[in-house]
Amino acid sequence: MNLKSVLFTLATLAATAFISSPALARPATLIAEDANARINIRSNPTTQAKALHSGRVGNSVEVLRQIVPKNENYAWSYVRFKNSGVEGWVRIDFIQYSDSRDTYASLMGGSNDDRINLRSAPSTQGRVLHYGLSGDVVKVVRESKGDGSYVWHYVEFPSGAQGWVRSDLIQIWGEGGCAI
């Protein structure tokens with residue numbers, strides 16, 4: 001393999017890792033009514049999915065994504081355990097977020113693979129600066145009334161990428177971590 005091919009392969013792998021990596025991690029703790037409960041960490045966001053691991057009440061996790069799958073009665077969080085690095089899906093009612101003054105949200109589209117554009121201005125005419133995937137967690141910086149009847153949210157990724165997202169493409173997280 002020549003040097004040009006090696007460099008192209010490395011650049012492709014780096015770009016793929018950046019695009020597919022989670023946007024933001026929000027600190028949280030696993031909770032349950034029973035202090036001795038084991039909480040299932042599933043392979044997919046459904047109670048029908050295989051439980052890959054389990055966690056205990058009080059375990060520290062980071063929430064990487066949050067979605068409400070079609071045909072499901074619960075919102076789900078994709079989490080990473082801080083100590084072990086284990087990742088998987090947990091029903092949102094087993095998650096309690098750490099105190100924070102920041103407002104967080106999930107980008108949302110019709111399916112989990114939808115790309116959500118971040119624009120340069122609160123308008124569909126704004127230049128596309130960046131994009132996220134449906135379910136990505138972002139920090140909401142501010143909001144504004146934009147063109148048409150939409151409210152727009154200015155959001156930030158940990159990479160520093162910032163931009164405007166229409167209100168119908170974002171789900172603001174409420175108190176206690178539940179999406180509203």
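D168 forms a salt bridge with R166, the closest N and O atoms being 2.8 Å apart, where a salt bridge is a side-chain nitrogen of Lys or Arg within 4 Å of a carboxyl oxygen of Asp or Glu. D168 counts as partly exposed at 34% relative accessibility, on a scale in which buried means under 20% relative accessible area, exposed over 50%, and partly exposed in between, with a 1.4 Å probe and protein chains only. The structure is a predicted model, in which local features need pLDDT of at least 70 and side-chain atom pairs count only at pLDDT 80 or more, while totals for chains, interfaces and linings use all residues. Residues are numbered from 1 along each chain as its sequence is written, and side-chain values use heavy atoms, with hydrogens and water left out.

The confidence of the prediction can be described before the fold. The mean pLDDT of the protein chain is 79, and 80% of its residues reach 70 or more; pLDDT is the predictor's confidence in each residue, from 0 to 100. Over residues 3–23 the pLDDT stays under 50, and the model has 11 contacts beyond four places in sequence for this stretch, a contact meaning heavy atoms within 4.5 Å. Residues 175–180 also have pLDDT below 50, with 16 contacts in the model beyond near neighbours in sequence.

The secondary structure of the protein chain comes to one helix and 14 strands, these being DSSP runs numbered from the N terminus, with helices (H or I) of at least four residues and strands (E) of at least two. Of the 180 residues of the protein chain, 36% count as buried. Among contacts between residues at least 6 apart in sequence, 52% join residues at least 24 apart.

In soluble globular proteins, nonpolar side chains tend to be buried together. The largest nonpolar core here has 14 residues, of which L30, V61, V63, V79, V90 and I95 touch the most other members; such a core is a set of buried Ala, Val, Leu, Ile, Met, Phe, Trp, Tyr and Cys residues joined through side-chain atoms within 4.5 Å. At least two residues of this core are supplied by each of β1 (26–30), β2 (38–42), β4 (60–67), β5 (76–81) and β7 (95–97). Apart from this core lies another, of 11 residues, among them A105, L118, V155 and V165.

E62, R80 and E87 are linked in a network of salt bridges. The C-alpha atoms of E62 and I95, which are 33 residues apart along the chain, are separated by 9.9 Å.

Side chains of opposite charge can pair when their charged atoms come close, and by the rule used here the count comes to five salt bridges. One of them joins R65 to D136, with the closest N and O atoms 3.9 Å apart. R65 lies in strand β4 and D136 in the loop between β10 (128–133) and β11 (137–145), so the pair ties together parts that are 71 residues apart in sequence. Both R65 and D136 are buried. D93 forms a salt bridge with R91, and here the closest N and O atoms are 2.6 Å apart; D93 is partly exposed, with a relative accessible area of 36%, whereas R91 is buried, at 17%.

A search of the whole structure finds two aromatic pairs. Y78 and W89 form one that is edge-to-face, at 5.1 Å centre to centre and with 65 degrees between the planes; rings of Phe, Tyr and Trp (its six-membered ring) pair if their centres lie within 6.5 Å, and planes under 30 degrees apart count as stacked, over 60 as edge-to-face and the rest as tilted. Y78 lies in strand β5 and W89 in strand β6 (residues 87–91), 11 residues apart. Y78 is partly exposed, with a relative accessible area of 22%, while W89 counts as buried at 7%.
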